[in-house]
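Thank you all for coming; please look at the structure first, and then I will talk through how its parts meet.

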2 protein chains.
Amino acid sequence: MPATATATDPGNSRTRSWWGWGYTDAHPGDAECVEMGALLPGTLTRPLPIPRVADLAIDSPAVTPPPSLAHLVTADPEARAAHTMGKAYRDVIRALRGRPGRIPDLVARPTEDQEVADLLDWAGEHQVAVVPFGGGSSVVGGVEYRGDAHRAVLSLDLTAMDRVLEIDTVSRSALIQAGALGPVLEEQLRPHGLTLRHFPQSFEFSTLGGWLATRAGGHYATVHTHIDDFVQSLRVVTPAGTGLSWRLPGSGAGPSPDRLFLGSEGALGVITRAWMRLQERPRYKASASVAFTDFQRALDAVRAIAQSDLAPANCRLLDPGEALLSGASHDGSSVLVLGFESATAPVDDRLAIALDMARAHGGTGEAPKAERDAPADAAVSAWRSAFLRMPYLRDGLARMGAVVETFETAATWDRIPALIDAVRTEVGAAALKTTGHAATINCRLTHVYPDGSAPYFTVAVAGRPGDEVAVWDDIKAAATDVLHRHRATITHHHAVGRDHRPGYDLQRPAPFALALRATKNALDPHGILNPGVLID
Amino acid sequence: MPATATATDPGNSRTRSWWGWGYTDAHPGDAECVEMGALLPGTLTRPLPIPRVADLAIDSPAVTPPPSLAHLVTADPEARAAHTMGKAYRDVIRALRGRPGRIPDLVARPTEDQEVADLLDWAGEHQVAVVPFGGGSSVVGGVEYRGDAHRAVLSLDLTAMDRVLEIDTVSRSALIQAGALGPVLEEQLRPHGLTLRHFPQSFEFSTLGGWLATRAGGHYATVHTHIDDFVQSLRVVTPAGTGLSWRLPGSGAGPSPDRLFLGSEGALGVITRAWMRLQERPRYKASASVAFTDFQRALDAVRAIAQSDLAPANCRLLDPGEALLSGASHDGSSVLVLGFESATAPVDDRLAIALDMARAHGGTGEAPKAERDAPADAAVSAWRSAFLRMPYLRDGLARMGAVVETFETAATWDRIPALIDAVRTEVGAAALKTTGHAATINCRLTHVYPDGSAPYFTVAVAGRPGDEVAVWDDIKAAATDVLHRHRATITHHHAVGRDHRPGYDLQRPAPFALALRATKNALDPHGILNPGVLID
């Protein structure tokens, strides 16, 4: 499967799944799927079979690229199947049920900016929708085509543009092509002692361009929570021309040009490269976990730490269900995972102050002895391993006909307790109503701010076999409704895509919608770029 | 002068100057002007007289507001004169020479959002240009009207909307009307133990709305250098409707709606209120100054500190001229002013590490004994006093026919040394050529980043008497050219206004210019909002 293997990482011989998360060799086997399914009453007794590309009905492409572009484009069925959707639960279950989204007619793999511009020109002339595609890890319907307003669909895979082009060690920044996957770019930075230090859950399977286009949430729990803050300059290819912002550490010259394209999700242009601000690798680390018997008091502790200027790199609060699932606790406690790091000075003092704050709110936990370069605490380690494994387990549960998905949001602290309660109650009620089963709903805080935080929810429940998409859509509609009534954002760092459009349209200020529509018309006059995303 | 006194601050009986900086009672007297002028060979021997409104040719307004809006609008000559221009050197000398900019026909002082909307509706129907006006401290031609494409000009003074409407102590944030001047909003926050902690040089004479519309540079030398980061939500009244973004601590839902209006300089809408993130007042402070005999080594020291994670609140590097001027040193040294602060924990350790870094690059300085709530170092104090007095002294020198102005920029560290050299050389040459006198050019770094810094330049030279505006325009053209060739931003925190348009147009990426134009047309279809700013 040349199109789905990581062509950009020749040393990597593992095979990427076309339908599910990550590498095929990491997928849980049938026996593990059955074991997991047994935890959710009402799921299937045998896993759904792994879907095969050969079973898909794949038409001939409706368009043919011109000879000048033919070498960049493939109609290979494996490639087309792998570029059909992202990796949301909704995508996985559609593939498992043999009803994937619209399969693109062609997949293009440009190797330089001019080729991207040429592909956009051709697509504009022939009413071909262009869906920019990085690692394909979207969980919000960000990389598929819906509707039938275009003659054909081209998936624009950027992963052949994966090089670090230039490193400025004086200004501690690098010019990186947008198609570089996380490990690919970090490997190129490592010899220089530098790192982008952006480690989303999808790190292995997502690209710099994808992070930028979706305002991805990164390594830091506080201060610089999104990739946005690490952008020094962007190059964006649009159907109306290519733009390159100046490399600037800061500027007050008009509205930020880069901020208009950060979060534009491929609807306004294709980000092809960026100068990114880098970090030194941390030399000092300290981490610990704190247990709380009372989740509300844990929230208060996290708020106190977030409103201090301690700036922990990690500050994740796991509710009892989340803590149990990840092995961070087994006694019904909530667990706060704290981590500090620095390239400049020891951070043990900061951890000690944070632990004091946590204890003042009823937490129990001790600072481990200072250690270098390794998390010191077993609960921390357990949580990290579980974190990376979770999407694989989700797909295993999907094979058992379960409905398992996450959604995340953010709100100011004054609304957080009622918001979390309402999500549990109302999303739980919607799940029960549509499935007849009680759902498991877990919550963790992934990022914290002085003025609020970002709760991340996991929902798991047996579906109605064969109707899993409808079940999830019912549950998601309830979630969208709760978030809207509590004025909590439809997404903190997963982006809008197509799945979040209803919620996004409700929260976007009307003048900004006018501005976005006007911008879309100006930059993408033929309406070919990722149609349906952000704006119609 | 009811229109120019601070109507929003009834306890304040001091009189604001209509033509120069700040309060009239703080202006240097004639004798002090002569004394300062003697330092710049070639200036006048007697100060220009203080200009009088009575001497201005003020026409009758070309339009009459409808009865429903009449109570909000005045045609009082004092008010109109005081709303004619900002407070750049260019503005001050034009007033001194009796050639101010176009005097607005009317000044409006709305008290609520609906009145702003009504005024915009009326202006749109009657081709009246609307220039939003906060404290009037623009130094880039941001609050005047140039050209003759409109029937009349209305200055929209927001300072009657100056209340803190709501405080959320849980989320540590406040809803503040845009017309509140710095002291006015801080006074309302103080009883709650909170502060916005945004202290630009213009603090007393600028408003929250002005800071937001211009992306003002604030208190912090690192991390949160612009007011942008403290914005939780904005209300913006545009001719196409009013928008209110949700209060969110963070979000990844599409491009940031607020970031489009931050820096929009009144050209896309009128910011009428904002939820702002607040700080606790710091309980721990530590500051020190470090002297360097070698400016290049001082730059290296500052870069090392900026690339650490020490995050000083103050990190200003003064070159020898700047240090002399402010009394921070008298021996030709460069001086680094360092300050740390925290509401959480002592900061002496951080100061000590920063001082070690500075000494490793040849700096000499010691940490003073820890003190609370006061800068410990005489050089720090001297610098702060001089900082607030500088604009007054500039006006005194202007009265002596001198050309005295500042400009600021930012660039990545790799370009900083050559940039600063080139500014000295080329701007100095341009000043000599246009005046026949050698100019004094001082430099300080006001804000620092891991990837670069923001140099701030002061130029002083005897002008050609009567031709001071032309002299400054010659010098400024040379500065714009240097900044452009070195890819340094035309402004780090003074905004674009009309004076920076040539530089701004050169640096703005073409697709962003298309987006901005499309947005302008969508939100301001009659083209009445601050015409000529940002986009034509």
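This is a predicted model: local features need pLDDT of at least 70, side-chain atom pairs count only at pLDDT 80 or more; totals for chains, interfaces and linings use all residues.

Between chain B and chain A an area of about 6,300 Å² is buried, 63% of it from carbon and sulfur atoms, where buried area is the accessible area, taken with a 1.4 Å probe, that two parts lose on being put together, summed over both. On the side of chain B, the residues that lose the most area to chain A are Trp246(B), Pro249(B) and Pro255(B), which together make up 13% of what that side buries. Side-chain values use heavy atoms, with hydrogens and water left out, residues are numbered from 1 along each chain as its sequence is written, and chains are lettered from A and ligands numbered from 1 in the order in which they are written.

Counting contacts, meaning heavy atoms within 4.5 Å, 87 residues of chain B touch 87 residues of chain A.

How many salt bridges are there between chain B and chain A? The count is four, a salt bridge being a side-chain nitrogen of Lys or Arg within 4 Å of a carboxyl oxygen of Asp or Glu. One joins Asp451(B) to Arg277(A), with the closest N and O atoms 2.7 Å apart. Helix H16 of chain B, residues 510-523, supplies nine residues, the largest share of the side of chain B that touches chain A, helices being DSSP runs of H or I with at least four residues, numbered from the N terminus.

Conventions
Helices (H or I, at least four residues) and strands (E, at least two) are DSSP runs, numbered from the N terminus.
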